Every structure is written in C-alpha cells, then in structure tokens.
Amino acid sequence: MTSLPPASRPAQIAAVGLREPESASPELVPSRDWPSLRGAVVGHRLTGLALEASERGELRLPDAALDELEELQRDAMTHALLLERRLVEVNSALTAGGIEFVVLKGPAIAHTCYPDPAWRPFSDLDLLVRRGQWAKACELLTTLGYRRELPEPRPGFDVRFGKAVTFNSEEGTIDLHSTLASGSFGVWIDPDVLFESTESFALGGAKLKRLDDTVLLLHACVHASLGWAPPLLLPLRDVLQISSTLRIDWERFGELATRWHLDPVLQHAFGTASRVLSIAPPAQAEHWLELTVGRRERLILDAYTTERRARGGMTLAMLRALPGIRSKAAYMRSLMLPKKEFLQARADQGQRPSYLRRMATPAGWMISARRDR
Amino acid sequence: MSSDWIRFQQTESSLSRNLGAEVIVTRPFSNRVDGLAGSAGAVWGRLATPVSLPELVHDISAMYQVGPEEIADDIKGLLDQLIHLNLVEEVILAND
C-alpha cells in the first residue's frame, strides 16, 4: 500500500474518527486563521465533525472560535431537526396519497451509519419518487405549500430527462428526484431497481424507506463524485463512513456499477475520498482503483468533474447517452426552446430571457467540446 | 399501584439532537423546538430507555453529586412538562 499524504486541516476534520490524528497534541489554530477555517467548515458542512474533533483534542480552537463553532452547529442541527420534523409530516401526506418514496442522503445517512446524527448535517430533503407517480407527487407537494423553483422546461421533461426538481417552502427545501444523477449517468441508472433495493428506518415515529446498504454506498459515490466539482468533503466522508460501517454486498455493488456504467465514477469517488481524507480505501475498492478506464468513459466523467462541467459538459454527455435520434432531438428542443414561463423564471434568477441566447449557449458548448477532443 | 412501577420513556415520535451541553427536541406536527440544557439534557438522555421517577432522580443525583431530595421536585416538574409536550410517555413493561 502506498503511503498517503497529510490531509489539509478541513480534510483532517472531515476524517475525524475514521483514522488516527496527524498529531497527538495539535497546535492551537491562530485566531487569524479561524475565518477561513470557519468558511471551509460551514461550506463543507463539517460543524458536527469539527466539534467532535475539538472534543477529542484533535482540533484546538481559541475560545471565541469554539463558541462560534458551537453556535454554528446549533443552527445546523436546529435546521436538520426541523427538516426531519417536516419529513415525517410530508411522509404522512405522501403515504395517504398513495405515493411511494425513498429518502435519499441527509437523514437516511445521518441516522444509519454515523455514530451520532449530529455529525452529519444536511440542508434539504431529497426524496426519490417513481416516474409513474411524478406528477401526483409534484401536485401533492404544491398542496402542502411548496413552490416549484423553476417550471418544467417543456411538458414531460422532468420524467424523460430530469434528475430532480427543487421545491421551496417556509418549512425548508425538498429536492424531488426521479433518479440519482444528471446527464448520461441519469440515463443509465434504472430507477425501478432503486425501489427494489430499499430498507426501512424509523424517524419521529414514522417508518421510512432508504436505499439498502449496498445501493446507499453506490449513491454516496455518485453524489461525492458527480455532485460538485471539486467534491465536497462531507460526501467524500460519507463514502468512507458507509463502506466502513454498513454491510455492503460487494458482488451486487459491482454488478450494478457495471450495468449502470458507474465504474469510472467509483474509481473517482474512492480515489478522491482516500487521497483527500488521507484514509486507505476499503480493500474491496482496490478493484476500482486498479481499473483502466477507457477514453470514452474518462471523457464522460470529465464532463462532471472538470471545468467542462461549466461549459455544458453534462448536457453534451447526456445527449450522447440518450438512445435514438428522437430522444436527442426532444432533449435539445427542451434546452433551446423552453416554455416562456421557464425563461421568465430563469430571468428572475438573473439570466436574460432570450431564446437566441438559449440557442447560442449549446452551440458554444459544442464548439468548445470539439476543440477539447 | 406504586409510582415506582411507572416508567417513562421518550416517545417514538420525538426528534432530538445532542449538542453536547444541550439537547434540542421537537416532534412532528408541533410548531416548537425546545432546548434542554445542563441537567435537563441529562434527564432527556436517561429517558432514551424506560426509567421510573425514583431511578431517574437517583441517576441524576449521582451524576451531579447532589442529594436526591434537592432535585426530585425539579425532575418531576420537567417530566410533567415533557409529558405535556408529548415528548415523553408512560410505558408498561411486560415483566412488571
């Protein structure tokens, strides 16, 4: 095994409890360094892990900084608790409406694989619903007071091409998912299999569904690798936390990964988590770390994980993955000629409501994609 | 029936987070979040499993090294309040 380089301070915080500290008696963080560390702790959602590191003596903060950290954690946990309360309430409404759903990420991870849910904050709820129940679920959330952040670009887009839609209310945000990833991986992942791969967990007197241990890890890898570029530390921690605490059926894990073209994603997720957090990956993950990823797979992954993401990389990868010319044409039409309501909503978010601009943007992406080859 | 036989426990519907020196609690369909600081947080933690009032008083007095008679009324008051908020309930154990 090759030795791992020392982790940055935020990464050391993200790794607390999973490995030995870099120093038995760490130096006091200088007050002048606290603002940037605080920014990283908040940005990567590490308030709970930072407090745990402080209690273990692995992070030494000036008193004022520690007070501030405690206050930040209190805010984060109050928010998480309110979201959990809302989740139980929404569960009652969705269940009464006959809508089947699976809780993704947040509470499903905090309550099943962390020693204390306070270590794992979350900022919204992520619920996966069946595509056949999509319209009904959206309607029900609307009756519960949630407002859709953006209208559907064109009728049928959500179910055919979408990954998730954001609903906001005073009670918090719900991301309603029809699958686990955007773009090409969203095309390849079979949502019906996700509904066949669930376990239940109890929360607030309710029995909720989550992905089973094996698919939970698969989703954690997808989220850690494809969710943000560069990856956030907490999703990277999730990958190693889940693989070290839950019972993973590695054979099934590998089968699903191959079927859904996720091998390069797993290589990226395990490799990045291990390198950034300076923790050896699970032995079973060595298979993916040693894989030779083909050029085509590498290009698709790069569309999510490099600067190509900001230049329409995911859209272009999606276009290539969609089967048949009709699907590709319908997808491009939705992007270039969305409904006026969609354009107006985007304008309210600061973008100019111009069809010409909508058409020029993908054209620009394609030109730059050709240049990249 | 003696009150020694009555046990109390957090309700299944209660939701909480431990913040070290404080615990925050709520439950679905309620519009309040309560903070339980210091010994109140310790009482909440002990209520994770069924406990009688005398046991609760005994455990908390041992934890804070004060006489049971000094804290019994406060603990009883807190317990009543938590029951009123549907955060704690009486439970009947099969072997009682």
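These are my notes from looking around a predicted model with chains A and B.

**Where the chains meet**

I started with the contact between the two chains. On one side I found 17 residues of chain A, and they are in contact with 13 residues of chain B. Which helix of chain A gives the most to the side that touches chain B? That turned out to be α4, residues 63-96, with 11 residues. I also sorted the chain A side by residue type: 8 are nonpolar, 4 polar and 5 charged.

Next I looked up an open sheet in chain B. It has 3 strands in the order β5-β1-β6, and the pairing is antiparallel. I wanted to know why one side of β5 and of β6 is left without a neighbour in the sheet. Then I checked how β1, residues 7-10, pairs with β5 of chain B: 2 bridges, antiparallel. Across that pairing I spotted B:Phe8 opposite B:Val51. A reminder to myself: strands of a sheet pair through backbone hydrogen bonds.

**One residue in chain A**

Last, I picked A:Ile242, which sits in helix α11, residues 233-245 of chain A. Buried or exposed? I noted A:Ile242 as buried, because 23 other C-beta atoms lie within 10 Å and the cut-off for buried is 20 or more. Leaving out residues up to four places away in sequence, A:Ile242 touches A:Cys113, A:Leu216, A:Leu217 and A:Ala220. I also looked up A:Leu218: 24 residues from A:Ile242 in sequence, and 9.8 Å from it in space, C-alpha to C-alpha.

Terms used:
Residues numbered from 1 in each chain as written. Chains lettered and ligands numbered in written order. Predicted model: local features only at pLDDT ≥ 70, side-chain atom pairs only at ≥ 80, totals over all residues. Contact = placed C-beta atoms within 7 Å. Helix = DSSP H or I, 4+ residues; strand = E, 2+ residues; numbered from the N terminus. Nonpolar A, V, L, I, M, F, W, Y, C, P; charged D, E, K, R; others polar. Pairing = 2+ DSSP bridges. Buried ≥ 20, exposed ≤ 12 C-beta atoms within 10 Å, placed from the backbone.
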